[in-house]
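Dear colleague,

I am handing over the structure we spoke about, and below it you will find my notes on what turned up. Please read them with the model open beside you.

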Amino acid sequence: MKSQRDVAPDAIEFEYDLAEPPEKVWRALTVPELLAAWMMPNDIRPQTGSRFAFAGPDAAIECEILDAEPEHLLRYSWREHSDDAARQHPLDSTVTFTLARTVSGGTHLRIVHDGFARKAAVTMTSAGCRLSLRGAGKLIAASNTPHLLLRAA
């Protein structure tokens with residue numbers, strides 16, 4: 001497994017210090033209804049080896065939980081499929097959320113999405129997708145305001 005500082009050159013990485021405790025952040029990442037509120041509809045079960053899917057805008061995004069340590073680590077594969085002939089190379093990547101309790105009782109959240117070309121990462125970031133924090137067609141939270149995703153958790 002990669003260390004926290006060993007990030008692939010084709011990865012995008014975000015780090016935040018949140019006031020909410022790891023328990024609340026974990027719920028926002030692993031309870032289907034809460035995750036759907038800031039990401040996409042899904043049927044996640046945070047157990048290593050379980051498969052789930054996000055209902056993507058064009059097609060399902062198939063995922064498998066690779067690691068799940070409650071309130072500490074969530075890592076899953078992310079494979080986008082599309083019927084669109086223009087998208088010849090589906091996104092086959094990995095998303096890792098690392099949570100650490102801060103001295104104030106909040107959470108240091110590190111998010112790494114890797115496994116795709118640097119060009120795709122820059123395009124996604126500059127297009128405002130960043131962490132796919134969209135719901136019902138509107139932006140819920142930008143990457144610099146992750147605390148918004150935790151309001152319902």
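The side chains of Asp 67 and Arg 75 come together in a salt bridge, with 2.7 Å from N to O, where a salt bridge is a side-chain nitrogen of Lys or Arg within 4 Å of a carboxyl oxygen of Asp or Glu. Asp 67 counts as buried at 17% relative accessibility, while Arg 75 is partly exposed, its relative accessible area being 23%; here buried stands for under 20% relative accessible area, exposed for over 50%, and partly exposed for what lies in between, with a 1.4 Å probe and protein chains only.

Before going further, a word on the source: this is a predicted model, in which local features need pLDDT of at least 70 and side-chain atom pairs count only at pLDDT 80 or more, whereas totals for chains, interfaces and linings use all residues. Residues are numbered from 1 along each chain as its sequence is written, and side-chain values use heavy atoms, with hydrogens and water left out.

By the rule given above, the count of salt bridges comes to six. One of them joins Arg 101 and Glu 23, at 2.3 Å from N to O, and this pair links distant parts of the chain, since Arg 101 lies in strand β5 (residues 92-101) and Glu 23 in helix α1 (residues 22-30), 78 residues apart. Both partners are partly exposed, Arg 101 with a relative accessible area of 47% and Glu 23 with one of 31%.

Strand β5 also holds Asp 92, which forms a salt bridge with Arg 79, the closest N and O atoms being 2.8 Å apart. Arg 79 belongs to strand β4 (residues 73-80), 13 residues away from Asp 92, and again both are partly exposed, Asp 92 at 43% relative accessibility and Arg 79 with a relative accessible area of 30%.

Of the 153 residues, 40% are buried. Among contacts (heavy atoms within 4.5 Å) with a separation of 6 or more, 45% are between residues 24 or more positions apart.

Technical notes. Helices (H or I, at least four residues) and strands (E, at least two) are DSSP runs, numbered from the N terminus.
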